Amino acid sequence: MSIEIDWLAFFHVFVAALIGAVAIVTFYALGLRMLVRAGRVPLVTPAEFTDAITVMSEKELKHAAKQAAKAAKKSPLSEGQKRFALVLAYLCFLVCGAAVVGGITLIVVGH
């Protein structure tokens, strides 16, 4: 009994996975960038964890929220440009989601 590896198929899977990963990361980063340009800075408050992880204090959270609001007000873009950047951000996130769903579909349905 001998085992043979189809190296060409292995290479195709490797390249497809690499391109998919790069595309998802690129579109997600571009989406975040457009979201910030649209004046909607994502500010995520940290959850409470054990002592092993340092958590931001209330003062630090208020300061970060104040900075995010200040950055949103200082945007040099017009309202139309902000709206366009927001639409681009949502489109980038949609592409990321479609790539993930497409990959899962290929794994589950495809052979």
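This is a predicted model: local features need pLDDT of at least 70, side-chain atom pairs count only at pLDDT 80 or more; totals for chains, interfaces and linings use all residues.
Residues are numbered from 1 along each chain as its sequence is written, and side-chain values use heavy atoms, with hydrogens and water left out. Local features need pLDDT of at least 70 and side-chain atom pairs count only at pLDDT 80 or more, whereas totals for chains, interfaces and linings use all residues.

Helix α1 spans residues 7-37 and helix α3 residues 79-108; helices are DSSP runs (H or I, at least four residues) numbered from the N terminus. The two pack at an angle of about 160°, with their axes 8 Å apart, where axes are lines fitted to C-alpha atoms over the stretch in contact and angles run from 0 to 180 degrees between N-to-C directions. Helices α1 and α3 are therefore roughly antiparallel (angles over 145 degrees). Their crossing is left-handed, that is, the near helix is turned anticlockwise from the far one by less than a right angle.

The contact (heavy atoms within 4.5 Å) involves residues of α1 including Ile24, Phe27, Tyr28 and Gly31, and residues of α3 among them Lys82, Phe93, Cys92 and Cys96. The contact residues comprise 17 nonpolar, one polar and two charged; Ala, Val, Leu, Ile, Met, Phe, Trp, Tyr, Cys and Pro count as nonpolar, Asp, Glu, Lys and Arg as charged, and the others, Gly among them, as polar.

The structure holds zero disulfides (pairs of cysteine sulfur atoms within 2.5 Å). For Cys92, the nearest cysteine sulfur is that of Cys96, 7.1 Å away. Cys92 is buried at 7% relative accessibility, and Cys96 is buried at 8%, buried meaning under 20% relative accessible area (1.4 Å probe, protein chains only).

Terms used:
Buried means under 20% relative accessible area, exposed over 50%, partly exposed in between (1.4 Å probe, protein chains only). Angles under 35 degrees count as roughly parallel, over 145 as roughly antiparallel, 65 to 115 as roughly perpendicular and the rest as oblique.
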